[in-house]
Amino acid sequence: ILVYIVQLRERERKKKKMNQKKLKILLCLFALNSITLYLYFSSHPDHFRHNFPKNHYITTGNRFSSSENHPNLHSSVVSQSKPWPILPSYLPWSQNPNVGWRSCEGYFGNGFTRKIDLLKTSPEIHRKFGENRDSGGGGGGGGWFRCFFSETLQSSICEGGVIRMNPEKILMSKGGEKLEKVIGRGEEEELPIFESGAFEIEVNERTKIGKKLADENFLNKYLPEGAISKHTMRELIDSIRLVGANDFHCSEWIEESSLLITRFEYANLFHTVTDWYSAYAASRVTGLPSRPHLVFVDGHCETQLEETWRALFSSLTYAKNFSGPVCFRHAILSPLGYETALFKGLSESIDCIGAPANDLWQNPNDRKTARLSEFGEMIRAAFGFPVDRQNIPRTVTGPNVLFVRREDYLAHPRHGGKVQSRLSNEQEVFDSIKSWSLNHTECKLNVINGLFAHMSMKEQVRAIQDASVIVGAHGAGLTHIVSAAPKAVILEIISIEYRRPHFALIAHWKGLEYHPIDLEGSYADPPVVIDKLSSILRSLGC
């Protein structure tokens, strides 16, 4: 009995010791999880930076409010801005003076490290939305304006407060019309010409009233034209005049942050992606706590691409759609798409390779970037697609092979509706791949006919993110690979007339596996394409 009692006590002692050990493990795991969450959210300041109260006073005629139009009335409404989604590849965009010149972060992230205050009044005062300013006059606080300059990109992101836009002083077509109604309209009619005072900022100092915001020296130094024949952001800033509070009258106020954008090649996916990226970067660099509203300061008609603009940001309107002078509590000027690394990389060497954000968080590297992956996740999240998975989902029958097609469609008022062929036997190549896939015994394949011109933007992004292999002739549709899954493989068929690096660069900067098939003309031998595709699939275990 004594031995039994001793053994029983020993078992109880060991059990108690084991429980204590388990408790210590649980506490360690809890502490580790807490530290991880702290590090994550501290690196995502935009998710919890609350500069503004939740309730704002917004003119009910405001196009960014869900209220009906009732002139001369005000109503307290909840913010209409969309929150930023949580992105696995997100890294902080906070100001870092140590970002290297021509580094990957300098090209793709926040290389806008030089701040220039053109008009000093505390932005924090004017970013508070509790002020009840009526739509007929100024608030006496005065405006502010500053720019952030990138030595690497030789461009600036600018922002300001208490800014009035006078649409009647912007010479351009109205914009936002149905394409069919403006066939034949010239491009020069759609691009803005800013008269003096097209934009104005309220000031209190009498010595500044009537003067221009920026002089020629500032424009040449921080908004250089470079090879851009019409630098609309530079011209917009050149039009800004400073006015006193007594002359600062507004038909309506926009209380939430607004991004002012001028587009050029607005119907082309590649150039629109450069605009999307510039708008996204401008929003992050200026530390917006939520997604801004968009104002297109151009007179282009509607396009299919507006679907993505509306998904990415909080709302969209055209400058000429305002009936009178409109005032912005906070406005951001987005650089032209031509000034992004996506475009500059076509003419200068940008030695960067895509890498996982987690790796860069632990081991920063000036020659690696996760920014394009972050941006691709932003596009997917904007349409409500999951972004937390790292592997491409396989359907019940097998992996997807997406063939991105080029089709005839009417792109803009000056377009004849015919798309120039980059692959003369595209249909033959697609049919051959489809037929071959039916007899592919190693695994079942789903060959997707990517007729993007007849698909919504959301359907296009879905097809891209679900593809294991993306095949296509050189063309703007391949720009969608910015939204591809991390392990997707790109197979580009390149005719001799279109040996351009657009998609090889995007794949490289995103860290995607890329294979080109260079043609001697515009005809692709189907067996050659199938042989290359078969080799790629074998590497994927299929």
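Ile240 is in contact (heavy atoms within 4.5 Å) with Phe145, Phe199, Glu200, Ile201, Lys211, Lys212 and Leu213, leaving aside its neighbours within four places in sequence. The setting is a predicted model, in which local features need pLDDT of at least 70, side-chain atom pairs count only at pLDDT 80 or more, and totals for chains, interfaces and linings use all residues. Residues are numbered from 1 along each chain as its sequence is written, and side-chain values use heavy atoms, with hydrogens and water left out. Ile240 lies in the loop between α6 (232-239) and β10 (241-243). Helices (H or I, at least four residues) and strands (E, at least two) are DSSP runs, numbered from the N terminus. The relative accessibility of Ile240 is 2%, so Ile240 counts as buried. Buried means under 20% relative accessible area, exposed means over 50%, and partly exposed lies in between (1.4 Å probe, protein chains only). One of the contacts of Ile240 is Leu213. These two residues are 27 residues apart in sequence, and their C-alpha atoms are 5.7 Å apart in space.

Helix α6 is largely enclosed by the rest of the structure, because six of its eight residues are buried. The buried residues are Thr232, Met233, Arg234, Leu236, Ile237 and Ser239.

The chain as a whole has 15 helices and 23 strands. Of its 542 residues, 55% count as buried. Among contacts with a separation of 6 or more, 76% join residues 24 or more positions apart. Confidence is given by pLDDT, the predictor's confidence in each residue, from 0 to 100. The chain averages a pLDDT of 87, and 80% of the residues score at least 70. Two stretches are treated separately here. Over residues 37-77, pLDDT stays under 50, and the model has 95 contacts beyond four places in sequence for this stretch. Over residues 122-139, pLDDT also stays under 50, with 55 such contacts beyond four places in sequence.

Helix packing comes next. Two packed helices are described by the angle between their axes and the distance between the axes. Axes are lines fitted to C-alpha atoms, for helices over the stretch in contact, and angles run from 0 to 180 degrees between N-to-C directions. Helix α12 (residues 426-438) packs against helix α15 (residues 526-539) at an angle of about 50 degrees, with the axes 10 Å apart. That makes α12 oblique to α15. Angles under 35 degrees count as roughly parallel, over 145 as roughly antiparallel, 65 to 115 as roughly perpendicular and the rest as oblique. From α12, the contact involves Glu428, Val429, Ser432, Ile433 and Trp436. From α15, Pro526, Val529, Ile530, Leu533, Ser534 and Leu537 take part. By class, this contact has eight nonpolar, two polar and one charged residues. Here Ala, Val, Leu, Ile, Met, Phe, Trp, Tyr, Cys and Pro count as nonpolar, Asp, Glu, Lys and Arg as charged, and the others, Gly among them, as polar.

Val429 lies in helix α12. Val429 is buried, with a relative accessible area of 1%. Not counting residues up to four places away in sequence, Val429 touches Phe403, Leu423, Ile493, Ala524, Pro526 and Val529. Val429 and Tyr523 are 94 residues apart in sequence, yet 9.5 Å apart in space, C-alpha to C-alpha.

The contact is made by Val273, Trp276, Tyr277, Tyr280 and Arg284 of α7, together with Arg371, Leu372, Glu374, Phe375, Met378 and Ile379 of α11. By class, the contact of α7 with α11 has eight nonpolar, no polar and three charged residues.

Helix α13 (residues 457-465) has Met457, Gln460, Val461, Ala463, Ile464 and Gln465 as its buried residues. These pack against α7 (269-285), α8 (306-312), α11 (371-382), β19 (400-404) and β21 (469-473).

Two loop residues have a positive phi. Arg102 is not a glycine, but has a positive phi of about 60 degrees. Its place is in the loop between β2 (74-78) and α2 (104-108). Arg102 is partly exposed, with a relative accessible area of 30%. Gln154, also a residue other than glycine, has a positive phi near 55 degrees. Gln154 is found in the loop between β4 (144-150) and β5 (155-161). At 35% relative accessibility, Gln154 counts as partly exposed.
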